[in-house]
Amino acid sequence: MRTEDFLDRIATQTDPDLLWSVATDWLSARGFDKVLHLSIANGHVTTRTTLGAAFERHYRDEGLARHDPFPKYCLAATGSVSTGIDYMRDHHYLVPDERKVIWAAADVEFRAGFSLVVRRDSLGCEGWNLGSSLNRVEVDRIRQDKSVELRLALMALRGRLQNAATARLTKRERQVMDLLAEGLRTKAIAGELGIAEVTVELHMKNARTKLGALTRDQALMLYRITG
């Protein structure tokens, strides 16, 4: 699938599971068949991975999340970080428990990859661990040729792979967002719903927080996408 076709397909899609399927097919065609996506927003963490059910069970049962170096180092880094067992010797700061997580991923053929952070703000962060069963030489070559294309394409999925956030909005919060989407401002929304303007602002603030948005306009955009 060409990148242009990928972007066209996700442009009109709103279901997170279908978006994930399209994204991982596109990534796999570029050599990244061992993928992890992690999003942290307002303390709520969501993850998706193609590493398989057996790895997910092992990760959960062994408590590997406490020692996973990806959120600790990769999501905090200012740039991309090499990941996977082929690069482990380059990261001398890793402690034994963190290395165990990398070995566990290697058991399901995650050899080499790199991180891409697509969001980092006061509400949290979101990033990808683009892993591959290819070796580091092959991954380095793909990374050199395709990293800009990969980043731009995955930026288009920012905030869209979580289970629909609107499911967590209350009825009143949804009413406020619906009226906002119709172009009404705070005073008009308050009059329409028969509530105080300060109450409208509170509902907007709560909706913005749940949607992981920084501004009213960003919240409205995410609400339209997920709603």
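This is a predicted model: local features need pLDDT of at least 70, side-chain atom pairs count only at pLDDT 80 or more; totals for chains, interfaces and linings use all residues.
User: What's the accessible surface of the protein chain, and what share belongs to carbon and sulfur atoms?
Analyst: About 11,800 Å², with carbon and sulfur atoms holding 51% of that. Accessible areas here come from the Shrake-Rupley method with a 1.4 Å probe, and for residues only the protein chains shown count as cover.

User: Ok. How many helices and strands are in the protein chain?
Analyst: 10 helices and 5 strands. Those are DSSP runs numbered from the N terminus: helices are H or I with at least four residues, strands are E with at least two. The C-alpha trace spans about 65 × 40 × 30 Å along its principal axes.

User: And what percentage of the residues is buried?
Analyst: 45% of the 227 residues. Buried means under 20% relative accessible area, exposed means over 50%, and partly exposed is in between, using a 1.4 Å probe and protein chains only.

User: What part of the contacts with a separation of 6 or more comes from residues 24 or more positions apart?
Analyst: 66% of them. A contact means heavy atoms within 4.5 Å.

User: Let's do helices. How do α1 and α2 pack?
Analyst: α1 (residues 3-11) and α2 (residues 16-28) meet at about 175°, and their axes are 10 Å apart. That angle makes the two helices roughly antiparallel. The labels go like this: under 35 degrees is roughly parallel, over 145 roughly antiparallel, 65 to 115 roughly perpendicular, and the rest oblique. Axes are lines fitted to C-alpha atoms, for helices over the stretch in contact, and angles run from 0 to 180 degrees between N-to-C directions.

User: Which residues make that contact?
Analyst: T3, F6, R9 and I10 from α1, against L19, V22, A23 and W26 from α2. They split into 6 nonpolar, 1 polar and 1 charged. Nonpolar covers Ala, Val, Leu, Ile, Met, Phe, Trp, Tyr, Cys and Pro; charged covers Asp, Glu, Lys and Arg; the others, Gly among them, count as polar.

User: Which residues touch the most other members in the largest nonpolar core?
Analyst: L27, F32, W128, L130 and L154, out of 24 residues in that core. Two or more residues each come from α1, α2, β4 (112-121), β5 (124-132) and α6 (136-155), and α2 gives the largest share, 6 residues. Another core of 16 residues lies apart from it, including M177 and A207. A nonpolar core is a set of buried Ala, Val, Leu, Ile, Met, Phe, Trp, Tyr and Cys residues joined through side-chain atoms within 4.5 Å.

User: What does L154 touch?
Analyst: Leaving out residues up to four places away in sequence, L154 touches W26, L27, L116, V118, W128 and L130.

User: Switching to V35: buried or exposed?
Analyst: V35 counts as buried because its relative accessibility is 1%. V35 is in strand β1 (residues 34-41). Beyond four places in sequence, its contacts include W20, L27, W128 and L130.

User: Now E109. Where is that one, and what's its phi?
Analyst: E109 is in the loop between α5 (96-106) and β4. Its phi is near 75°, a positive value in a residue other than glycine. Most residues other than glycine have a negative phi.

User: Which residues does E109 touch?
Analyst: K34, S132 and S133, not counting residues up to four places away in sequence.

User: Last one: where does A65 sit?
Analyst: A65 is in the loop between α3 (53-61) and α4 (69-74). At 48% relative accessibility, A65 counts as partly exposed.

Technical notes. Residues are numbered from 1 along each chain as its sequence is written. Side-chain values use heavy atoms; hydrogens and water are left out.
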